[in-house]
Amino acid sequence: MHVDLLFPNRYIKAADLADKPDGAELTIHALKEEDLQMTDGGKEPKWVLHFAEWQKKPESKQKVMVLNKTNAVSISSIHGTETDSWIGKKITLYATTCMAFGQRTDCVRVKTADR
């Protein structure tokens, strides 16, 4: 078991997708701005994707994804630049690695649901 899975939370992590080599196909349910707790103790507004596949689960079991610029650009190249048009559209999330803060780290990226 990946060490990140020992500490579950509501945010999708690369470890959540490690057993899905083709990625996880999900339907965008909502894009909401939420105040997230930062490591320095402060709060910062971030955009968060909610997925239809988790909407029927209790809130404590729903997974969401904090939207970074890389993934937002990927989604916009698939479904257009108007974020309201993303609702109801499918994307596939997959685990990979990327450079962050000067080191290679696990990350989640977006590809079209039909690839």
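A pocket is taken here as an open set of grid points, where a 1.4 Å probe fits, with protein on both sides within 12 Å along at least five of seven lines. In this predicted model, about 160 Å³ of space lies in the second largest pocket. The lining of that pocket is formed by P8, N9, R10, W54, K57, S60, K61, Q62 and K63. By class, these lining residues comprise four charged, three polar and two nonpolar residues.

The largest pocket has a volume of about 920 Å³. It is lined by 27 residues, of which V66, N68, F101, D106 and C107 are the closest to its centre. At least two lining residues come from each of strand 1 (24-37), strand 3 (64-66), strand 4 (90-100) and strand 5 (103-112). The greatest contribution is that of strand 5, which supplies six residues.

Strand 1, which contributes to the lining of the largest pocket, pairs with strand 2 (residues 43-51) in the antiparallel sense over nine bridges. Within this pairing, A30 stands opposite H50 of strand 2. Five residues lie between the two strands of this hairpin, and G41 adopts a positive phi near 95 degrees. Strand 2 also pairs with strand 3, again in the antiparallel sense, over three bridges. Here V48 is set opposite V66 of strand 3, and V66 is also among the residues closest to the centre of the largest pocket.

Key
Residues are numbered from 1 along each chain as its sequence is written. This is a predicted model: local features need pLDDT of at least 70, side-chain atom pairs count only at pLDDT 80 or more; totals for chains, interfaces and linings use all residues. Side-chain values use heavy atoms; hydrogens and water are left out. On a 1 Å grid over the protein atoms alone, a cavity is a set of points where a 1.4 Å probe fits but cannot get out, and a pocket is an open set with protein on both sides within 12 Å along at least five of seven lines; lining residues have an atom within 4 Å of a point. Grid points are joined across faces, edges and corners, and a volume is the space filled by probe spheres set on the points. Helices (H or I, at least four residues) and strands (E, at least two) are DSSP runs, numbered from the N terminus. Ala, Val, Leu, Ile, Met, Phe, Trp, Tyr, Cys and Pro count as nonpolar, Asp, Glu, Lys and Arg as charged, and the others, Gly among them, as polar. Two strands pair if DSSP finds at least two bridges between them.
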